[in-house]
Every structure is written in C-alpha cells, then in structure tokens.
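Work through the exercises below with the model open beside you. Try each task before reading its solution.

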Amino acid sequence: MVVISVGLAVGLIVLGILGIIGAGIKSLMNGKQDYKRAGMMAVPFVVFGLSFAVFGEVPKAGVFTAIFMLGAMVLTILLTGMRGTFKF
C-alpha cells in the first residue's frame, strides 16, 4: 500500500512539473513571457547539474544546490536593499 501511495505521489509531482513546463513554453511561444525570466528558471537545474558533476551523488548535490540558492537569495536581497537605500 505504501509503495502504491508513494508511486502515485511521485507521478502527480511529475505531471505537475510537466504541466508547468508546458504552460511556460506556451507562454513563450505566445509572447506573453520574457526569455530572460524564463531562463532564470533554469538556474537551479544548472547549479544542480554542476554540483552533481562535482560531487557525483544526488543527496550531496541537492544539499549544495539548496545552500547555494539560499545564499544567492540572501545576497540579492542585501544588494537590492542597498540599492534602494543608497539610490544607485
């Protein structure tokens, strides 16, 4: 029973991701989305791919990707805050 439930959950996640990708491609084709913004969505996948190439293990690559993305988020929040404070 647990195996079936986990399999169904993974299947729903995969279907959701495919739906999101399909909607994004459709928006790009209709001109409703900017290519730079769509390209930014690929950053975590690129970071994961590079970290997987370095570490060779999915868990280590996933943890590194999460840490890297969180650090990048904090850095960009600091930079945008400084930009707003100092008007540059």
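The exercises cover helices, surface and pocket in turn.

This is a predicted model, where local features need pLDDT of at least 70, side-chain atom pairs count only at pLDDT 80 or more, and totals for chains, interfaces and linings use all residues. Residues are numbered from 1 along each chain as its sequence is written, and side-chain values use heavy atoms, with hydrogens and water left out.

**Exercise 1. Helix lengths**

Task: compare the span of helix 1 with its expected span, then do likewise for helix 3 and helix 4.

Solution. 
- Helices are DSSP runs (H or I, at least four residues), numbered from the N terminus. The expected span is 1.5 Å times one less than the number of residues.
- Take helix 1, residues 2–30. Its 29 residues reach 42 Å from first C-alpha to last, close to the expected 42 Å.
- Take helix 3. Its 13 residues reach 18 Å, close to the expected 18 Å.
- Take helix 4, residues 58–86. Its 29 residues should span 42 Å, and the end C-alpha atoms lie 41 Å apart, so the two values agree.

**Exercise 2. After the helices**

Task: which residue follows helix 1, and what is its phi?

Solution. 
- Gly 31 follows helix 1, with a positive phi near 80°.
- Check helix 3. Just after it, Gly 56 has a positive phi of about 80°.
- Check helix 4. Just after it, Lys 87 has a positive phi of about 55°.

**Exercise 3. Exposure**

Task: is Leu 12 buried or exposed?

Solution. 
- Set the cut-offs: buried is under 20% relative accessible area, exposed over 50%, partly exposed in between (1.4 Å probe, protein chains only).
- Leu 12 lies in helix 1. Its relative accessible area is 61%, so Leu 12 is exposed.
- Gly 39 sits in helix 2.
- Now place Gly 39 against Arg 83. They are 44 residues apart in sequence and 24 Å apart in space, C-alpha to C-alpha.

**Exercise 4. The largest pocket**

Task: what lines the largest pocket, and which helix gives the most?

Solution. 
- Define a pocket: on a 1 Å grid over the protein atoms alone, an open set of points where a 1.4 Å probe fits, with protein on both sides within 12 Å along at least five of seven lines. Lining residues have an atom within 4 Å of a point.
- Count the lining: 13 residues. Ile 20, Ile 21, Gly 24, Ala 38 and Met 41 lie nearest the centre.
- Assign helices. Helix 1, helix 2 (35–40) and helix 3 (43–55) each supply at least two lining residues. Helix 1 gives the most, with six.
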